[in-house]
Amino acid sequence: MTDLTDLRLSYQKGELRRDRLNPDPHAQFQGWLEEALASDMPEPYAVTLATADDLGRPSARTVLLRGSEERGLVVYSNYHSHKGRDLSANPQAELLFYWPQLERQVRVYGRVERLDDAESTEYFHKRPRESQLAAHSSDPQSAPIASRAELEAKFAALEARFPEGQPVPKPEFWGGYLLTPAAWEFWQGRPNRMHDRFEYLPAAEGWRITRLMP
Ligand SMILES: Cc1cc2nc3c(=O)[nH]c(=O)nc-3n(C[C@H](O)[C@H](O)[C@H](O)COP(=O)(O)O)c2cc1C
């Protein structure tokens with residue numbers, strides 16, 4: 001059996017001070033995201049999306065962050081997927097970023113809604129053709145499929161249906177989700193597990209910032 005009990009790092013790369021936090025959590029996030037993008041970390045825009053169904057049963061998976069804007073954070077998926085079904089029943093979700101090179105974690109909780117179709121269509125057409133065909137072939141995402149061969153046959157049939165040079169229409173079951181933040185948490189690892197954590201919650205004006213026990 002692998003013994004994991006002696007594996008640990010001491011986090012030394014930074015500190016997070018109340019007086020240096022941006023009063024606007026999105027601006028704080030944007031600064032950290034830019035630093036993560038400038039590091040040698042692979043895909044710092046890959047993020048865990050946690051959802052729960054109507055019975056509160058949780059599930060989590062990685063998705064790619066495709067928009068970080070004042071109004072919220074944007075990801076794309078298949079609306080028929082496990083996450084899509086969860087979000088239809090219960091629009092509350094959390095996005096979790098872990099940036100080990102910076103010893104940082106960010107949690108963003110909020111309500112999720114579908115982006116309007118025009119916006120999703122615009123992004124769909126920016127994706128490589130193969131990704132567009134894959135979005136068509138992988139539906140309903142998360143449902144069982146008998147074999148790899150069956151999946152590849154679906155892809156080949158779509159390649160024939162939408163010949164090269166002809167635009168691939170966005171499937172109606174595929175599109176964006178916008179998470180409107182209702183709480184943010186910024187975590188910076190510190191030595192001896194004495195980490196810095198700050199939570200932002202909406203206040204009468206702007207956001208109230210609170211240090212949390214590590
Ligand atoms: C690095 C990485 C990026 C991913 N990006 C996406 C994405 O942007 N959208 C998506 O639907 N699935 C993405 N996936 C696949 C999901 O993790 C997941 O397998 C899939 O969406 C089905 O999830 P569900 O059954 O919980 O709905 C990604 C997986 C990895 C590892």
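Okay, let's start with the fold: the protein chain here has five helices and eight strands. Keep in mind that this is a predicted model. Reading from the N terminus, the order is α-β-β-β-α-β-β-α-α-α-β-β-β. The C-alpha atoms sit in a box of roughly 60 × 50 × 40 Å along the principal axes. Of the 214 residues, 21% count as buried. And if you take the contacts with a separation of 6 or more, 64% of them are between residues 24 or more positions apart.

Right, on to the ligand. Which residues come nearest to it? Those are Ser 77, Ser 81, His 82, Lys 83 and Ser 142, out of 16 residues around the ligand. Three elements each supply at least two residues of that shell: β2, at 58-69, β3, at 72-78, and α2, at 82-89. The top contributor is β2, with five residues.

Next, a helix pair. Helix α4, residues 129-137, packs against helix α5, residues 148-161, at an angle of about 120°, and the axes are 9 Å apart. The crossing of α4 past α5 is right-handed. Who's touching whom there? On the α4 side you have Leu 133, Ala 134, His 136 and Ser 137, and they meet Leu 151, Lys 154, Phe 155, Leu 158 and Glu 159 of α5. In class terms, that contact has five nonpolar, two polar and two charged residues.

Stay with those two helices for a second, and look at the loop between α4 and α5, where you'll find Pro 140. The peptide bond joining Asp 139 and Pro 140 is cis, with omega about -5°. Just as background, most peptide bonds are trans, and most residues other than glycine have a negative phi.

Glu 43 has a positive phi, near 45°, and lies in the loop between α1, residues 25-38, and β1, residues 46-52. Is Glu 43 buried or exposed? Exposed, because Glu 43 has 11 C-beta neighbours inside 10 Å. The other one is Glu 103, again not a glycine, with a positive phi of about 55°. Glu 103 is in the loop between β4, at 92-99, and β5, at 104-114. With 18 other C-beta atoms within 10 Å, Glu 103 comes out as partly exposed.

Okay, that's my tour. Thanks, everyone.

Definitions and conventions:
Residues numbered from 1 in each chain as written. Predicted model: local features only at pLDDT ≥ 70, side-chain atom pairs only at ≥ 80, totals over all residues. Helix = DSSP H or I, 4+ residues; strand = E, 2+ residues; numbered from the N terminus. Buried ≥ 20, exposed ≤ 12 C-beta atoms within 10 Å, placed from the backbone. Contact = placed C-beta atoms within 7 Å. Axes fitted to C-alpha atoms, helices over the stretch in contact; angles between N-to-C directions. Left-handed = near helix turned anticlockwise from the far one by under 90°. Nonpolar A, V, L, I, M, F, W, Y, C, P; charged D, E, K, R; others polar. Near = placed C-beta within 6 Å.
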